[in-house]
Amino acid sequence: MLASLENNRLLAGGQSLMPMLNMRYAMPDHIIDLNRVEGLASILITGSEVVIGAMTRQRDIEFSAEIQSGCPIMTEAIRHVGHRQTRNRGTIGGSLCHLDPSAELVTLCALLDATVTAVGPDGQRDIPFAQFPIGYMTSALQPNECLTRISIPLWPPTHGYGFVEFARRHGDFAIVSAAALLELDASSTILRASVALGGVGYAPRRMTEIETGILGQKAGSELWAEAAKACSKIEALDDVHASSSYRRRLAVAMARRALQAAGDRALANLQRH
Amino acid sequence: MDQRRITLDVNGSTFTETVATRTTLADFLRHQLRLTGTHLGCEHGVCGACTVLLDGRSARSCLMLAVQADGHQITTVEGLEASDGTLHPLQQAFADHHGLQCGFCTPGMLTTLIELLRDNPDPSESDVRIAISGNLCRCTGYQSIVTATLDAAKRMRMGQTV
């Protein structure tokens with residue numbers, strides 16, 4: 001159908017496309033509703049990864065015990081996605097394809113090194129999430145391709161996580177968000193780190209400067225504050241919501257808080273195990 | 001205009017209707033079924049006034065097409081009271097605590113909070129405020145809505161039903 005209908009749009013949860021239709025920002029000739037397509041909504045945890053069907057509702061992710069235990073940062077971050085009424089309909093695949101620069105699930109996929117799977121007339125292909133955003137609200141999907149699932153590698157159970165964002169009101173689009181994952185050894189030395197910022201550019205920005213800079217160091221508040229300063233040098237969007245210099249200042253604060261939360265949880269987990 | 005025939009359950013009654021594919025669920029409920037209790041404020045998913053229950057889950061009826069509701073069960077504000085007109089405990093608590101003034105946001109507040117009280121019979125004030133964070137009210141300042149909801153939760157825990 002995707003290949004045969006001119007000017008079509010796939011409709012997932014409709015929490016972004018429907019407003020665009022209502023306001024005539026998007027005027028497709030054909031809408032293909034994915035809500036009755038079977039087999040696109042599921043959450044499966046294998047030993048090393050979680051595979052989420054593209055049409056899985058955000059609410060089902062929010063209340064999934066498997067996600068809570070295997071990938072707790074997703075449970076924490078998804079509460080910031082819109083409101084209960086929109087999470088009841090909104091899907092993870094729809095959010096990724098819409099690719100809003102401040103979307104929480106988009107930032108998480110960058111943070112977690114997710115792989116997305118798309119199906120088209122030529123078959124199936126996997127796209128590493130780092131290559132998925134190719135422009136402002138534009139993904140690497142071809143016009144005749146459909147996202148089917150998202151695969152996320154799991155971190156060890158002792159990892160710590162933190163997700164924080166600054167928005168003007170609860171449920172609003174974040175001006176800047178920060179997410180962090182940390183893995184420590186028994187002496188609280190950092191073995192592995194992942195840090196991502198949302199809302200600062202057209203796509204999430206992995207803070208590789210921080211990730212490599214803190215490896216081998218001891219976890220602690222001073223280190224987080226020092227490491228987060230790297231966010232003051234990034235390029236950031238400048239729009240009606242915030243200037244780029246304000247976004248940089250927010251990014252420093254958000255990154256520090258995300259690292260702090262992740263560090264505290266990692267230390268607590270180590271004591272428990 | 002492209003049309004489809006749909007069958008759905010609204011407030012316990014089955015309707016089979018022919019509807020234009022471009023029609024939103026909200027417009028279908030209001031114009032075709034004449035259930036004007038569902039209000040349309042912003043029509044792009046921000047104000048929450050059009051919230052209905054879709055198979056028991058709260059959803060914005062302005063962000064769904066009527067054809068997508070084919071085969072599903074919808075509850076609107078008209079479906080909350082008993083058949084003899086007795087108000088739902090939540091509606092009664094709204095009346096008792098001045099949980100509404102102009103009443104525009106009320107249908108969305110009620111449907112959203114019905115879902116909350118079903119999933120969480122003993123919510124905290126913060127739980128209630130988070131639940132209605134996607135519903136705009138310009139009259140009450142939310143305080144009386146929160147008070148009414150906490151009181152309704154208490155009444156329902158003591159066994160009051162519709």
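Guide: Let us begin with the contact, to which chain A contributes 17 residues and chain B contributes 18 residues. Please bear in mind that this is a predicted model.

Visitor: Which elements of chain A give two or more residues to the side that touches chain B?

Guide: They are helix H1 (17–22) and helix H5 (84–87) of chain A. By residue class, the side of chain A that touches chain B holds three nonpolar, 11 polar and three charged residues.

Visitor: How is a helix to be read, and which residues of helix H2 of chain B are buried?

Guide: In general, an α-helix has 3.6 residues a turn, so residues three or four places apart point the same way. In helix H2 (residues 89–96) of chain B, the buried residues are Pro89(B), Leu90(B), Gln91(B), Ala93(B) and Phe94(B).

Visitor: Against which helices do the buried residues of H2(B) pack?

Guide: They pack against helix H3 (106–119) and helix H5 (143–157) of chain B. After H2(B) comes His98(B), with a positive phi near 55°.

Visitor: How should I read the strands, and in which sense do S5(A) and S6(A) pair?

Guide: In a regular strand the side chains alternate between the two faces of the sheet. Here, strand S5 (residues 115–120) and strand S6 (residues 123–128) of chain A form an antiparallel pair over six bridges. A hairpin of two residues links S5(A) to S6(A), and Gly120(A) has Gly123(A) in S6(A) as its bridge partner.

Visitor: Which residue in S9(A) stands opposite Val116(A)?

Guide: That residue is Ile150(A). S5(A) pairs with strand S9 (residues 146–153) of chain A in the antiparallel sense, over five bridges.

Technical notes
Residues numbered from 1 in each chain as written. Chains lettered and ligands numbered in written order. Predicted model: local features only at pLDDT ≥ 70, side-chain atom pairs only at ≥ 80, totals over all residues. Contact = placed C-beta atoms within 7 Å. Helix = DSSP H or I, 4+ residues; strand = E, 2+ residues; numbered from the N terminus. Nonpolar A, V, L, I, M, F, W, Y, C, P; charged D, E, K, R; others polar. Buried ≥ 20, exposed ≤ 12 C-beta atoms within 10 Å, placed from the backbone. Pairing = 2+ DSSP bridges.
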